[in-house]
Amino acid sequence: MTDLSNHFPRIRCAGEGALLLELSDRIDMEVNLKLHRIRESLMSKPRAGLIECVVAYSSMAVYYDPLVMDPEALSSTIMTLLNQGAQMGRGQREVVHIPVCYGGEMGPDIETVASHTGLSEDEVVRRHSSREYYCYMVGFTPGFPYLGGMDESLETPRLKIPRKCIPAGSVGIAGKQTGVYPIESPGGWQLIGRTPLKLFDPSREEPTLIRAGDFVRFVPIDLAEFQRISKEVMAGTYRVKRQRGGEEA
């Protein structure tokens, strides 16, 4: 089993029923995309004993039943897929459109972000909504997307004292990243807006709206539009826009 302490890629044991594949020690979209393609290849056909693969920024945990699957054989399979990475297909990328009402009650920290960055609030909104973001991973709370690709001029540190309760749908900035709180929870990100969409709903066939590997675009809306969409979401009639583009970058 590969386990080179100072080299990548490497595979380590992570308990009796998991392996950890590490490709890098930095955040890089190409590295993350490679992990997703390896995961898809592993999970695309039945493998006795394989339970799940969970992708993080530059690593992937592979869970298996040690009574059924040999870790050495699993490690070998993973390395083979990694070496074949250049031949793996690249599917069309999917861009999820997330409507956001910025500022005011919905984004109580937008003034702080504007002051920290030296931009006007309108410019913060313009720059935040002008990019397509890449979802590296989902975590912290169910459905919380960690999004990369934010305009560097919007970089703002977390709150010194986290809030005890943040409304579901709140859109925030923390350092170089942006994200959306899918459920009501504590948190320390700078809140600049809120979406009326439910990012996590266990009653749906696909509970998580934004999946790791998706691209995201934020679409500014006003309060009236926020309230209209909220009603449609509650009634189950709102259709989330998912735009298919070219191949993954």
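Helices (H or I, at least four residues) and strands (E, at least two) are DSSP runs, numbered from the N terminus. This is a predicted model, in which local features need pLDDT of at least 70 and side-chain atom pairs count only at pLDDT 80 or more, while totals for chains, interfaces and linings use all residues. Residues are numbered from 1 along each chain as its sequence is written, and side-chain values use heavy atoms, with hydrogens and water left out.

Select helix H3, residues 110-117, and colour Ile110, Val113, Ala114 and Thr117, which are its buried residues (buried means under 20% relative accessible area, exposed over 50%, partly exposed in between, with a 1.4 Å probe and protein chains only). These residues lie on the same side of H3 because they cover an arc of only 100° around the axis, the arc being that of the directions from the helix axis to the C-beta atoms. On the face turned away from that buried side, select the exposed residues Glu111 and Ser115. Just after H3, stop at glycine 118, which takes a positive phi of about 75°.

Next, turn to the aromatic rings, which form 11 pairs in the structure (rings of Phe, Tyr and Trp, the last by its six-membered ring, pair if their centres lie within 6.5 Å; planes under 30 degrees apart count as stacked, over 60 as edge-to-face and the rest as tilted). Select tyrosine 134 and tyrosine 136, whose ring centres are 5.0 Å apart with planes at 85°, so this pair is edge-to-face; both residues are buried.
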